[in-house]
Amino acid sequence: MSSSDSCSHGRRDAGPALPPTNDARSARPSVEATRPARAALARRLCAAAVLLGAMTAARGALADARTEARRHFRAGMELIAQKQYEEGIRQLQKANEILPHPNVVFNIARAHAESGNIEQAIAAYREYLASDPADRDQVTGIVAQLEQRLAAQRAAAAAEPRPPAAPAPQQPGPPQPGPQQPAAGDTPAQPAGQTAAGGAAAPGGAQGTGGAEGPTARPAPGPAAAPVDAAGIVGAARTEDVYRETVITASRGAQSPLDSPNSTTIVTRQDIRLSGMTRIPELLRRVAGMDVMQITGGDENVSMRGFNSRLANKLLVLVDGRTVKNDVLGSTFWEALSIDVEQIERIEVVRGPGSALYGADAFTGIVNIITIPPGAGKSGFRVGYGDHQQGFGSVWASAREGDFAYRLSAGYTRYPRWTREVSGDRIDLETSGQSQDLGAQNVRIDLRASQRLGPRRELDVGAGYARSELDIYGIGPFNDYNLEVTNADAAIAYRGENVNARAYYANLDGYSLLNAAYLGHTLYAGRPRQHVANAELEFVKTLRAPAAVVHDFHIGLGYRLKATDWSYLEDDMPIEHHGSVFLQDSMRLGERVTLVASGRLDYVPYLERLIPSPRGSVIVKPTDRQAIRLSGSTAFRSPTALEAYVDLPIQLALPGLELLSTTRPPVRSGFIIDPEQIITAEASYLNQQSDYFEFEVTAYYNRVSDLIVLAEPQRTTLSQRAQGVGGLNPETGRYTSGLGGFENQCDVYHVVGGELGGRVYPVEGLDVFANYALNLSRQQRPDGCDALEDRRTSQHKVNAGVQVRTPAGVDGEVTFHYQSSQAWAEQVPAGTVIATTIYPLPAYTLLNARLGYRFLGSRAEISATVFNALDGIADRPLQMHPFGNRIGRRFMGFFRYSL
């Protein structure tokens, strides 16, 4: 059956795209009423898939850039080692065309020099110097020596006697001149190395082009150029695999994923571009084991290997190594960052706990967003607009001048709500004033600069600012919440051969309140603020002890100051001083075995004690491109400011009553919440043996205890009234009938899971990836524990995608995602109390696609994306949380231009 035939079978008719409802409680149109447009959508999707496939099959394409460039690089270096310079240089040039890299240009220059093509070697070295490399003084010296050799060769060639011209063939006609006289019109032979026009020969003996004068004559044979002494002049070749994947997050130092003590996934620059996504969490959805949940148009929550939640707080999110979480809630406001996807070089995801190096909050994993370095890449802009008034704009400028480089960016983003929660004709509600059609809006600017201080020494400075409006979901009864927030940061870092130091300051200032409340009820207006100052010092040293064992030492100290304030918290919030020390030793035992021992101590002021976080890993490499990893570690998450210091009267549905949410009421003023704890064991196998595919298999066990949850509300008693708890609250005028707050859950979770993923490059132009994650959780309930069973983590998750790039400039990606059903335990108001109820959430599928066209030498690009292309085809709307918006379909078009 042809592709077009397959599009005509098994259709499910679709109707027109559904506009947002005027009220969350309004009825959704029936499936039957939406059938005609479903068919049209299915036909459009099939047509796009057939077109993309036909272009790939008919014309060939450029495969995954890094993989294809790596193939050509390796082939070129092998040929050059065999003295096959011409073909080796051609392979290196192909690699550099696909994915430019200064070290490839350096190797091209060196190969030219080794083969005796000094003029081409000089040209290539100058191209390398144009990238302002750190070793430019050394390379400038190489160029000077090569220029001296070239001048000497030319002088020697010019001093050689010219051979006599060959006699012209005898022709009938007038008498010919004597043997010592040149024939009329003949041109004497030129010295070796010069063209007939008197210019230099094309390097390597190739024929020149001569410009407007026409082709030049091939130079006369002369003495071959002597090969250059590579060791004496041009130095050693850059023999490392310049296109290999490297990660820095798992061990705080650059290394291959094969050597990483944790399972690590990289979302590459190509993944980011071909996906067309502008939301960072949606880029993470393709990672095996990642939990991504969109609740509103401005609220995304991300976790790893389970335990996702509203205001998710178990995944540590970094930007260039500095944390971007808010310490008030412990969550990450993804749509409030000062950068966007256009500034991201790659995203490193450590799949598993990381407290051994990063301390609190690296509970289930780490996401490190690594931006494009100052001076790298090109300047440009990208703009986009879509249905429902989606908007995206980003402009950036990057440049290097000697040792100084900078990167400046600015942008704007607007996402609508998926569904409107309050219709315009409601007269029984008071609203916040924020547009009921707005999910998120962000205005941002970011500046980063670097200054080289010498070999392997650099100073980085930067600052960012973002002002955002967000529609988010809080916890408990706070289901629809508006937040206006300003984020600002300033950072300085020093990187040396043995010493690294970093300091940064982050400020959050916001205004918060419920989106809507019935008349006579409060909107809970508040102003969350925080000031965070962070300082880190790290010493790195590589040594042998004994001679057969190579140690890579990392020793570090850290300090963090936190000052938070919010009307939801206690009046006298303390300023907290956190301290930490960590140590890691990676011991390489020969070529095949590495032992990694890590440990960290964190002082948490709220707990008034030190918390240890050890980690141990064994990495065995059967070959250079295979790795077997066994690891074990512990991690923790300390209570957030809200969990530790909440003091908020919550109005109940029955007028005049309230619940006092406080962690430390007078009846238990000494109560302390313990940190969440996880113990994990992991085994994995990673195979990158082939340039045409790679795959990884991972199995893990997690023991999770002391999860911090909302406590079951308790009615106040007469004895508590005697201690000053309950009764009439003079500040609110309401009667306090119960107590709530946070506590440690009594259950212990035993989680067994696994991840299987791979990436295949079967032919040039086709890049296929897929992964599957299994998560099986069992709750162990000690005696007296009556917690409800919470199955908020899907047992099965599947991600798959296809990427295509063609020489014609057409490229694109289609990704498929599936999550099995869930069941959430959530607290909701119920008359005079707040009760916990189980809410089921059905399985869902998500299909996203992008199609783009590059032109003007790939400087310009137009593209279109569709998110949730299957909307309207399924029998029920997609929801990622029981209380969340119904996720619809969105289209968006983009134009991108780079200088």
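Me: Is Cys746 buried, exposed or partly exposed?
Reply: This is a predicted model, and in it Cys746 counts as partly exposed, because its relative accessibility is 36%.

Me: And what does Cys746 pair up with?
Reply: Cys746 forms a disulfide with Cys785, and the two sulfur atoms sit 1.8 Å apart.

Me: How accessible is Cys785, then?
Reply: Cys785 has 12% relative accessibility, so it counts as buried.

Me: Which hand does that link have?
Reply: The link of Cys746 and Cys785 is right-handed, with 70° about the S-S bond.

Me: Where in the chain are the two cysteines?
Reply: Cys746 is in the loop between strand S31 (742-744) and strand S32 (748-760). Cys785 is in the loop between strand S33 (766-780) and strand S34 (796-805). They are 39 residues apart, and the pair links distant parts of the chain.

Me: How many disulfides turn up in the whole structure?
Reply: A search of the whole structure gives one disulfide.

Me: OK, zooming out. How many helices and strands does the chain have?
Reply: The chain has 13 helices and 40 strands.

Me: What share of the residues is buried?
Reply: Of the chain's 899 residues, 52% count as buried.

Me: And of the contacts between residues at least 6 apart in sequence, how many join residues at least 24 apart?
Reply: That figure is 65% for the chain.

Me: Now the helices. How do H4 and H5 cross?
Reply: The axes of helix H4 (residues 85-98) and H5 come within 9 Å and cross at roughly 165°. That makes H4 roughly antiparallel to H5. The crossing of H4 past H5 is left-handed.

Me: Which residues meet there?
Reply: On the H4 side they are Tyr85, Ile89, Leu92, Gln93 and Asn96. On the H5 side they are Val104, Val105, Asn107, Ile108, Ala111, His112 and Glu114. By class, the contact of H4 with H5 has seven nonpolar, four polar and one charged residues.

Me: What about H5 and H6, how do their axes cross?
Reply: Helix H5 (residues 102-114) and helix H6 (residues 118-129) have axes that come within 8 Å and cross at roughly 165°. H5 is therefore roughly antiparallel to H6. H5 also passes H6 in a left-handed crossing.

Me: Who makes the contact between H5 and H6?
Reply: H5 brings residues including Pro102, Phe106, Ala109 and Arg110. From H6 come Gln120, Ala121, Ala124, Tyr125, Glu127 and Tyr128. The contact of H5 with H6 has 10 nonpolar, three polar and two charged residues.

Me: What does Ile650 touch?
Reply: Leaving aside neighbours within four places in sequence, Ile650 is in contact with Pro477, Phe478, Tyr524, Leu657, Glu658, Leu659, Ser661 and Ile834.

Me: How far is Tyr524 from Ile650?
Reply: Ile650 and Tyr524 are 126 residues apart in sequence, and their C-alpha atoms are 8.7 Å apart in space.

Me: Last one. Where is Gln343, and is it buried or exposed?
Reply: Gln343 is in the loop between strand S5 (322-323) and strand S6 (344-351). Gln343 has 3% relative accessibility, so it counts as buried.

Me: Which residues does Gln343 touch?
Reply: Not counting residues up to four places away in sequence, Gln343 touches Thr371, Ile372, Ser394, Trp396, Arg407 and Ser409.

How values were computed:
Residues numbered from 1 in each chain as written. Predicted model: local features only at pLDDT ≥ 70, side-chain atom pairs only at ≥ 80, totals over all residues. Heavy atoms only, no water. Axes fitted to C-alpha atoms, helices over the stretch in contact; angles between N-to-C directions. Helix = DSSP H or I, 4+ residues; strand = E, 2+ residues; numbered from the N terminus. Parallel < 35°, antiparallel > 145°, perpendicular 65-115°, else oblique. Left-handed = near helix turned anticlockwise from the far one by under 90°. Contact = heavy atoms within 4.5 Å. Nonpolar A, V, L, I, M, F, W, Y, C, P; charged D, E, K, R; others polar. Disulfide = S-S within 2.5 Å. Buried < 20%, exposed > 50% of the residue type's maximum accessible area, 1.4 Å probe, protein only.
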